[in-house]
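Welcome! Take a moment to look over the sequence and the fold, and then let us walk through some of the main features together.

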Amino acid sequence: MLVVREIKENFQEFVVGLKKRGFLGVEQRLKEIIELDNQRKEVLKSLDETLKCSNQLSKKIGTLIKAGNREEAKKIKSETSEIKGFGKNLSNKLQGIEKVLRDKLYELPNIPNVKVVAGQSEEDNELLFQKGELPQLEEYNQPHWELIKDYDLVDFKLGNKITGAGFPFYKAQGARLVRGLINYFLDKGIAADYQEVQPPILVNESSGLATGQLPDKEGQMYHLSDSNLYLIPTAEVPLTNIYRDTLLAENDFPIKIIGYTPCLRREAGSWGADVRGLNRLHQFDKVEVVQVSTSESSYDVLEEMKQYVEDIIDSLELPYRMLRLCGKDLGFTAAITYDFEVYSGGQKKWLEVSSVSNFENYQSNRLKLRYKTQKGDKKLAHTLNGSALAVPRILAAILENNQDSKGIKMPSVLHPYLGFDFIEK
């Protein structure tokens, strides 16, 4: 959530930032927020003065009663009753203004970093580098949705029978490959000083609001109406919410956590010929890394996280590239995002497998996550996260890029995790 004080201090910067995202009527929306905040402050000032007056009169009544002057005390009591009624009205008015202000702030996304270009669509994302040689496959090569049938690794028909489309069953070596990838990703994180956490996969509404999935992505999340709980679309939600309503000290940093969870997304409107097989699912496995930092160090942390993800992909012997997302393609809560894509030889296309983002203080303002500096000042922390990594598309690329007439070769780093180095029919 944007900070109103910062909007007031840097109005034009916020106008430019929101226009980068293609938002219309930006100036008016920001002016409405500023006006509401000014009204909030005026009502709050009046309420404070009213409560102060009420307290003073209450003390005076006590003094008069002790002195035996009950008639005078009775007169002032009547006056106090009127003031309390006035105070209650002010309190209700304040709550109404705060709700409208909060709702209007919830409608606005984060402001893009200056490095983020405006763009019109994902076609305008900036390609920063590409590494690794594209696989030279034999003429008969197949996409992964054919390979998983041939080698009996994943069963979509069974998933559809038990649950529905987008909920696959992994079988035999396919299931071991999923488990091996998860364990490998977790071990890499632990070696990089991330603390492993196994979070719940259901969160309450407050958690969804705090990290920005609500109300922005409400239609994409599975909701249990009887308990008002949501199935998580990413481990980012429970992991970041660990620090909701928290005041940290500077010596608490660095804060680095890693967690594996299944992720569940409705993916409404996302189906088509371009999302076959494992490319897009309703349920998938992902290992997520989250960091909380000071405002001064978050971009150094971002560079560290980018390198961490790059090293994992590189170790899997997959060709990959990194892009910086443009304003139109940037996630609602992110100030800047770098996508990592791997090349999928059977499909002859690039697949996104990780997004690494800095949210600056946008999430922490919702989270009420602050830290106290050595000087005693309280500041909003910065939050960052990254996929490290999402399993299905990595699995798809491994199968497609390593196929030959004999079978499918596994990356060497996975051999200890799998118990096999080759998949054959």
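## A first word on strands

Two strands pair if DSSP finds at least two bridges between them. Please also keep in mind that this is a predicted model.

## The chain as a whole

The chain has 425 residues, and 51% of them are buried. Its secondary structure comprises 13 helices and 18 strands. If you follow the C-alpha trace along its principal axes, you will find that the trace spans about 105 × 45 × 40 Å.

## Surface and charge

The accessible surface of the chain is about 20800 Å², and carbon and sulfur atoms account for 48% of that surface. As for charged side chains, 58 are positive and 61 are negative. The centres of these two sets lie 8 Å apart.

Have a look at the open sheet formed by 3 strands in the order 5-7-6, with antiparallel pairing. Which strands stand at its edges? They are strand 5 (202–204) and strand 6 (223–224); each has a single partner strand, so one side of each is left without a neighbour in the sheet.

Strand 6 and strand 7 (residues 229–231) run antiparallel and are joined by 2 bridges. With the cut-off for pairing at two bridges, these strands count as a pair because 2 bridges join them. On the strand 7 side, L229 is the bridge partner of L224.

## A leucine in a loop

Next, find L281, which sits in the loop between strand 9 (255–264) and strand 10 (283–293).

The C-alpha atom of L281 is separated by 4.5 Å from that of G166, although the two residues are 115 apart along the chain.

## Two cysteines to compare

The structure holds 0 disulfides. Two of its cysteines are worth a look for their surroundings. C326 has a relative accessible area of 0%, so this residue is buried. C53, with a relative accessible area of 30%, is partly exposed, because this value lies between the 20% and 50% cut-offs.

Definitions and conventions:
Residues are numbered from 1 along each chain as its sequence is written. This is a predicted model: local features need pLDDT of at least 70, side-chain atom pairs count only at pLDDT 80 or more; totals for chains, interfaces and linings use all residues. Side-chain values use heavy atoms; hydrogens and water are left out. A disulfide is a pair of cysteine sulfur atoms within 2.5 Å. Buried means under 20% relative accessible area, exposed over 50%, partly exposed in between (1.4 Å probe, protein chains only). Helices (H or I, at least four residues) and strands (E, at least two) are DSSP runs, numbered from the N terminus. Accessible areas come from the Shrake-Rupley method with a 1.4 Å probe; for residues, only the protein chains shown count as cover. Lys and Arg count as positive and Asp and Glu as negative; His and the chain ends are not counted. The place of a charge is taken as NZ of Lys, CZ of Arg, CG of Asp or CD of Glu.
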